[in-house]
Amino acid sequence: MTYRDVLLISDGSGWSRHCYDYLTRNFASVDWCAWDYRTPFPRSFDHWTGCDLLLSFKSDFIIPVAMLEKVRGPALNFHPSVPQYRGIGGYHYALREGLQEFGATCHHINAAIDAGPIVKVSRFDIHVDETVESLSARTAAVALGQFYWIVDILTRGQDLPRAAETWGERLYTRAMLAAEPVG
């Protein structure tokens, strides 16, 4: 499939700017919606006509099913956590639980949050003096590498792989993170 119209939904970080810049070098038409939690959402998708490829990078925006139905090709999320931590706060929980490794997960987006088929999980060791901030930055770098890798696969017209990994059962929410502060 040729991807003419690409939509990137992300946070407003420099990591996301790298994603947008990479997309503009690889696709003719790229729309970018950058949004950070606790700020007004910058646009409405009520009258959106769809796209060929939707990529969500480090975004807290939950993509409605009605929107997913307008995506003609893949809809992929780059989740800054390993699959056992669906939702929000993976960095915090990984450090609190003493995990030895962490990572980023690329997956297909479906109606459930962080539950679609997994394309790739990229893991790295957690340092003994790791903080939430350092783990967040290292994970963003790994997710960016995944992003480049996936875009390269798509621009070559190749099929996306499917990882033999599964999601954790628990969905971690912002309310849970606020109720049980960690790290």
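View 1. In β6, the residue bridged to His 79 is Thr 105. This is a predicted model, in which local features need pLDDT of at least 70, side-chain atom pairs count only at pLDDT 80 or more, and totals for chains, interfaces and linings use all residues. Residues are numbered from 1 along each chain as its sequence is written, and side-chain values use heavy atoms, with hydrogens and water left out. Strands here are DSSP runs of E with at least two residues, helices are runs of H or I with at least four, and numbering starts from the N terminus. Two strands pair if DSSP finds at least two bridges between them; β4 and β6 run antiparallel, joined by 4 bridges.

**View 2. Strand β4, under cover on both faces.** Of the 5 residues in β4, 5 are buried (buried means under 20% relative accessible area, exposed over 50%, partly exposed in between, with a 1.4 Å probe and protein chains only). Side chains in a regular strand alternate between the two faces of the sheet. Ala 75, Asn 77 and His 79 sit on one side of β4, Leu 76 and Phe 78 on the other, and all are buried. On the β3 side, the two strands run parallel with 4 bridges, and Phe 78 has Phe 57 standing opposite.

View 3. Six strands make an open sheet in the order β2-β1-β3-β4-β6-β7, with mixed pairing. Strands β2 (29–34) and β7 (118–125) are at the edges with a single partner strand each, so one side of each has no neighbour in the sheet. From one strand to the next, the twist averages 15°. Further in, β1 (residues 5–10) pairs with β3 (residues 53–57) in the parallel sense over 5 bridges, and Ile 9 stands opposite Ser 56 in β3. Helix α4 (residues 132–155) packs on the sheet and touches β1, β3, β4 (75–79), β6 (101–108) and β7; contact means heavy atoms within 4.5 Å. The direction of α4 makes about 145° with that of β7 (axes are lines fitted to C-alpha atoms, for helices over the stretch in contact, and angles run from 0 to 180 degrees between N-to-C directions).

**View 4. Aromatic rings meeting edge-to-face.** Rings of Phe, Tyr and Trp (its six-membered ring) pair if their centres lie within 6.5 Å; planes under 30 degrees apart count as stacked, over 60 as edge-to-face and the rest as tilted. The count by this rule is 15 aromatic pairs. Phe 45 and Trp 48 are edge-to-face because their ring centres are 5.8 Å apart and their planes lie at 85°; Phe 45 and Trp 48 are both buried. Phe 57 and Phe 147 also make an edge-to-face pair, since their centres are 5.7 Å apart and their planes at 80°. That pair links distant parts of the chain, with Phe 57 in strand β3 and Phe 147 in helix α4, 90 residues apart. Ring pairs also tie Trp 35, Phe 41, Phe 45, Trp 48 and Phe 61 into a cluster.

**View 5. Two charges over ring faces.** Lys 120 lies over the face of Trp 149, at 4.7 Å from the ring centre. Arg 174 does likewise over Tyr 37, at 3.4 Å. To qualify, NZ of Lys or CZ of Arg must be within 6 Å of the ring centre and within 35 degrees of the ring normal.
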